[in-house]
Amino acid sequence: MRGVFNLFLLASLLLGGINCQSPSSKPIMVQNGFYHWKSYLEIDSTASAYLSHLQSQKLYLRFFDIDWDDTRRMAVPLAVLSLAHPIPDSLQVIPTIFITNRCMLQLPPEALPELAQNIAQKLSSLWKGFPRHTLKEFQLDCDWSGKSRANYFRLLELLASELGDSVQLSATIRLHQIKYARQTGIPPVARGMLMFYNTGEVDQWPTENSILDLRTAQAYLGPLPKYPLPLDIALPLFRWGIVFRDDDLLHLVNGLDVNALVDTSRFRSLSAQRYEVVRNTYLNGHYLYRGDRIRLESIAEQDLLEAAELLKKNRANAPFSVVFYHLDAMMLSPYPPTLLEEVLRRME
Amino acid sequence: MSGKNCFLVVLLSALFSLLPNTFSEACGPLEPEFEGYSFIRNDIVEDTSSFSPYFLRFEEVYDYYKNARSQQIRGNLDEWKSIFCEQPKLQDLYQVIYKTPKGQLELLRTAVRSKNMPLPFKLSKNTFALYLKRNKCSETVDYLIYAKTCEDYVIPESNVWKDDPERKEMEMKRLIRQGLKTFSKTKSQYLRLRYAFQMIRLAHYSKDYEQTLDLTNRLLPRIDYGESLIRYWILGHEAGAMKSTGQKLEAAYRYLQIFKNCPSKREQAYRSFYVASDEDWYQLLLMCKDDEERAMLYALRARNESIRTAEEMNNIYELDPRNEYLELLLVREIKKLEKDFLGLAFNDRRHYNERFHQLPRKDAGKRLIPLQTFARRCAKERKVERPELWKIAEGYLAFLANDLYEAERTLAEAEREVVNDTLKDQLAAMQLALKVQLYEVMDYDNEEEIYAIMKDNPLYKAYPSFPDFINDRIGQLYSQEGHPGLSFRAHYTLASLKLNPQIDIIEDLISICRKPEKSALEEAMIIDSNQVNILNDLLEMKGNLLFHRGQLEAAVEVFKEIPYQNREKYPNNPFYPLLHDCRHCKVEHVDGDSLPTYNKIEFIQRIFELEYQAKANFDRGPYYLYSLGNAYYNLSYFGHSWSFFDQVRGGSNWRYDKDQVYPFWSWEAPYGNREYTDMSKALFYYDKVIDLSKDAELAAKAAFMAAKCQLNNYYISKDCDYYPYSGNMPNPPAKYRTYFELLKNDYNGTDFYQEIIEECLYFRAYALK
């Protein structure tokens, strides 16, 4: 008996040894793509240039959002995508929908089959706008919580059944859902999309960078290789300004960069990335008062590269996609295609 | 109590008594309301501005938004009514315009055109339909049918999931073409305006912004009709199209017009209004025709809740000191500041406001001081519409700033200026609240005065905040003066005290009951809702507390203070054991014979007797000890006589109990609910019986009861993972099963053992393992 045990131990050590050789040392195939997160489908020349330079294979297209309508007491579609520009045939289009957690909390379980049918029908109706593409994957984005998990997971199961075997269902996964997988559960889908951002407390003034703090993110990545779903990875290519009034978060100003704050008659620099409003003024449609404070947040080139290295060390040993969030000329401008190319290379 | 049916009842009751109360999540999370006071009346400005409901109920924006549709409907119906010389009834207009399907409208059209065809049955008595037929208004019915057809494409109703954008867009274009043809042929200028609206809305909703603007420019000059609500509805669609085509300033200016003139579209206009930069803002100011419109622009900006109100009010004041929005913004801000500051020192629920509403706001002080300064300026310069209102505000803001002397002085000055009855009443309420806050001691005179306010002052009833405000203030003062009982009574009823009686509160209230000369307020504090003196209740609670503390002699002395006629006999016999726990069962008879009953003094005296006999009678001692064990078991939370020395019991409390107190979240239970779950005394006596008894049957019974004590200890322990809903039996660790083990190993030959094997499912399951 003891002999058998020793043999088993030896085998385990050997296998363990093989595993310990880092799952990421062997180059693996990395596909790439972008999220398109607007309600008007527009691929301008800048966006086309990025797609072309990176030879992107995938476009995750936000089709619509779903929120809870208190008046109708039902889940309703919002901000449905308007189609204008054709999408190159070479790109795989992955329709994506965002469902609010509030909706999942409010929805009675008996309404889930109807919602699944509605989503499938809406998807089918919108998909008519892509006659030259084949629907292979459909993604749901929801920051589910413990209380909404049962509803959300049931919806995923029902949707998978509505869509049939030919369409693969995927779901976004937040970092905390990786670390606390036991508590938050594993969504019943074919693939997950790890949203590798929003790591910090956005509403706290002292936070350095809530979009991506690699030290914080690292702490969440330990269980990544063992996560039971194959994962793709979404990386942030966006920036914003966060306006605080009396220590309370007041506005998120999308796309805000330092150039908007150079007017010293309106803004005073407090430190790198932090400013104070010195006279009442409008900023991108928000009216600010003297004394309001602004923190600029974005992803530095170096952070992106380090994120790639970090993810390479922790990823599972299987082909995956890296998807940049999101395809918008203004957001992309600080990140040349060559940089994104390098990010992708470092993850192989 | 005997027989199998009885056992079934006992078993079921036992099961239900253990089921925890569950809180359904189906209703969604509970959001606690703000707990505080307000003395400012909306109607001090409500009569002066159509904006009042909009500005002053800003907390209910959602409701406002939800009601916007009904406001829009009401405005629309009013306009139709006036077009038809006020003849149709409003509800009949509503029936035809909003509730009659297209098919019925077509039948109406046939009836209107034909001499002989009657009105459709459902509309046969409808005053609007009758009017249309009588006056042969086929043009109107044509329009109604057209509008009903358009509705499907512009008003999302229940079918939000099933639209087909492409088909919809084509159909909308077709309807616009059809509308254009009819527009040209229509004679009524009013109906032309409505056709124009339908077409412009269709174009806007189909996102053809160029066509929206084109239709607006082409059609409106061809309509010879004056002021109408519909013009603002059209303006909204024009503004929307302009915003979408980059004409942001022009769009913003139009939204300003809608905000100013069209109450039913006010919220939508505010939400759509957008100013990107300082330059845009200055351009908009230049576009305004006069200072009144410029002041309106600031008022629109001030709709946003995150603004610094005093600054915006200053801006408006500089342009137009008599502007109606100044008063509205003033009242709106005071209502917010009341939540921050009013009664903050004594509001016993301020921690909940802090936790659930983040009140007071971090910047509340920064908001109060500039507003005080501004109110003072307005009252002094007297350029505003009603300087006396600003004087009142100045005094009340000083009150909120806790500058009570200044508040008293300013409000007294305001008293000399105010002539309007509503303002007089408002001022009097503020002065009364200030007076309450100014009390520093609760002496006889003040108590008499406060009692008179509560009893006779009409303001006390007119302002819903007064009861809480006064109770909380006097509660604070009583507490500071060492009267925990009076302080408690200022906030709670006696029922709250019964949940978990506190000795200091009871003693204080007993001393007030026995005080020879009481104030009217003190008298009010020591009677219950049935106007009965609470002394006996207090003595009962005190005696119960002493009993549970093991001070039986002291308890007897307290119970003796209750008049003889009030010493009730308890219906159950606490000494009688039941195999299955049952908190609702009557235990008055056994095999047809009545069991003795006791009042509290008699019961404790019986305890003394049994304790003596247990020691004095060597042979019968174990039987007396068994009775004592049963008494303490049955008086516990788990026993049938729990209510002998306790007054409130929660069925689920065993699950959430902490140190015998269930801390349930309720305003009415400041100390939670005490449950007497301690089994140690009962167990002590059962152990003695097991040790001393030579009668195996008696020892078996004691072992079984001890096993129940152990099981109860398991239920309330941290080790317990048993849920009654699980459908499983409890499975306690070995340390909670020692008496079952004893019963199974040492007493399996007794008759009692056979009886419990038959009667007790749980024990049978355990014994047969």
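The legends below describe close-up views of a predicted model. Local features need pLDDT of at least 70 and side-chain atom pairs count only at pLDDT 80 or more, while totals for chains, interfaces and linings use all residues. Residues are numbered from 1 along each chain as its sequence is written, and side-chain values use heavy atoms, with hydrogens and water left out.

**View 1. The aromatic pair A:Tyr287 and A:Tyr289.** Over all chains the structure holds 65 aromatic pairs (rings of Phe, Tyr and Trp, the last by its six-membered ring, with centres within 6.5 Å; planes under 30 degrees apart count as stacked, over 60 as edge-to-face and the rest as tilted). The ring centres of A:Tyr287 and A:Tyr289 are 5.1 Å apart and their planes stand at 75°, so the pair is edge-to-face. Both A:Tyr287 and A:Tyr289 are buried (under 20% relative accessible area, with a 1.4 Å probe and protein chains only).

**View 2. The aromatic pair B:Phe84 and B:Phe128.** With ring centres 5.2 Å apart and planes at 65°, B:Phe84 and B:Phe128 are also paired, and the pair is therefore edge-to-face. Because B:Phe84 lies in the loop between helix 4 and helix 5 of chain B and B:Phe128 in helix 7 (residues 127-134) of chain B, the pair ties together parts that are 44 residues apart in sequence (helices being DSSP runs of H or I, at least four residues, numbered from the N terminus). B:Phe84 and B:Phe128 are both buried.

**View 3. Charges over rings in chain B.** The charged end of B:Arg192 sits over the ring of B:Phe183, 4.5 Å from its centre (CZ of Arg or NZ of Lys within 6 Å of the ring centre and within 35 degrees of the ring normal). B:Lys600 lies over the face of B:Phe645, at 5.3 Å from the ring centre, and B:Phe645 belongs to an aromatic cluster that includes B:Phe547, B:Tyr598 and B:Phe644.

Notes:
Chains lettered and ligands numbered in written order. Buried < 20%, exposed > 50% of the residue type's maximum accessible area, 1.4 Å probe, protein only. Helix = DSSP H or I, 4+ residues; strand = E, 2+ residues; numbered from the N terminus.
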